[in-house]
Amino acid sequence: MKLNSFYKQMDEWTAQNIPYLFIIDFEKQKPILKQLSDLKSNESEIKYEFPHYSNCSNGDKYIVAKSDLILEKKPYSFDSYLAKFDQAQALFVKKNVDVINLTTPTPVHLHTSFENIFRAAHAKYKVMLKDKFVCCTPEIFVRIDEKGVISTYPMKGTIDANIPNAEELILNSPKEIREHTATAHLLKRELSEVANNVSIPRFRYIDRLHTNDKNLLQVSSEVSGMLKDEYRTAYGKLFDKLTPAGSIVGTPKKEALEIITEVEGYTRSYYTGVCGIFDGKTLDSCVLIRLIEKENDQFFYKSGGGVTSDSIAKSEYEEIKDKIYVPLD
C-alpha cells in the first residue's frame, strides 16, 4: 500500500470507528493496514497479542522447551561496531546532536520457528508477520483513550539486573541521565505538535525484564497531553507526524536521522517501526524492538542503544548483545 493511501485509509476508518491494525516500518516503505475483522482466523498472516487485544486462542499458547528458545548469536566484531560508533561520534559536533540510537543487525541461528517464539515468549506486545518477522517488545509507543488523552512512554537505558547496585548505577549515571532526559524532552516536543498541555508525569522509572539468559532493568518515562481537535479522528495524519519514534532515532530528530542513514549501513525495515491497534474507541501501539527478521533464509536480531558523546564503545557493544533475547517469565 502506498503511504498516502495508507494514511488516508487510517483517517477514514478512525472517523468511522472501524477497528484496525497497522504496521509502519522505520523507512515508511512497507506500511500495512488491516481491519481487525480480517485478522480473526488462526491462519491470519499477522498474529498479535497486546495487553487488551489478541487474535490468538488459548490453544495457541503452549510451553516450548527453554533450550529451543536460546538464540545462537553470531555478532559482528567489536571493530566493525567501533568503526560505526566512531563515525557517529565524529558527526555529533558537526550536526549538533545530543544522542542517536545506533543499531546493528546480528545474525542468529534459531532452534525453533517464529510461531513457537511468538507462542512461548512473554512480552507486553507480541507481533508476528508470517515469514517476515516476530517481535516481542516491552516498549509502548502511543496510547490514546476515549477522552483524547495521548501518552507515550520512551524507554532509554538498560542494565543487567544482576550487577551489584544495578538500579542505583543506572539511575545515577551521568551518561544515562543525559540520554534519557534528551529523549523524554524530544517526545514532549513532538507530542506538543499534536496535543495541548503536554507534561511528563513520570520521569525515569524502572521496569524489570526477564530474558532467557539474564534479567534486565529498563528505564522509562511517561509523557502525556490532550489531543488537538484536528487529530481527534485523523490518526493517519497523527502517526505520519510522530513516526519514526523519537526514542529510536535521537535528538534533534532530523539531524540524528541523517547520522543514522549515513552510519548504520543497513535497512532497519520493520525493526524500530510501530504497530498499533484501534478498537473503534481507543488506540494502543508499540515500538517494534526485540525483533527477529528473516531475510533471504537468514535470520537477524536487530538491536541497538542510545549513544552520546559520553558513551563508551565497548559498553554500547555489550548492551547491543545483551538485548538479543527471547523474553520469558
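Predicted model: local features only at pLDDT ≥ 70, side-chain atom pairs only at ≥ 80, totals over all residues.
How many cavities of 30 Å³ or more does a search of the whole structure find? The search finds four.

Rolling a probe the size of a water molecule over the atoms shows where empty space is left. In this model the largest cavity has a volume of about 160 Å³. Its lining is made up of 20 residues, and those closest to the centre of the cavity are Asn101, Ile289, Arg290, Gly304 and Lys323. Sorted by class, the lining of the largest cavity holds nine polar, seven charged and four nonpolar residues.

Strand 10 (155–160) and strand 17 (298–307) each supply at least two of the lining residues. Strand 17 gives the most, with five residues.

The second feature is a helix pair. Two packed helices are described by the angle between their axes and the distance between the axes. Helix 2, which covers residues 78–95, packs with helix 8, residues 313–322, at an angle of about 115 degrees. The axes of helix 2 and helix 8 are 10 Å apart, and their crossing is right-handed.

Which residues make this contact? From helix 2 come Phe78, Tyr81, Leu82 and Phe85, and from helix 8 come Ala313, Lys314, Glu316, Tyr317 and Ile320. By class, the residues of the contact of helix 2 with helix 8 are seven nonpolar and two charged, with no polar residue. The lining of the largest cavity, by contrast, includes nine polar residues.

Definitions and conventions:
Residues numbered from 1 in each chain as written. Heavy atoms only, no water. Axes fitted to C-alpha atoms, helices over the stretch in contact; angles between N-to-C directions. Helix = DSSP H or I, 4+ residues; strand = E, 2+ residues; numbered from the N terminus. Left-handed = near helix turned anticlockwise from the far one by under 90°. Contact = heavy atoms within 4.5 Å. Nonpolar A, V, L, I, M, F, W, Y, C, P; charged D, E, K, R; others polar. 1 Å grid on protein atoms, 1.4 Å probe; cavity = no way out; pocket = protein on both sides within 12 Å on 5 of 7 lines; lining within 4 Å. Points joined across faces, edges and corners; volume = space filled by probe spheres on them.
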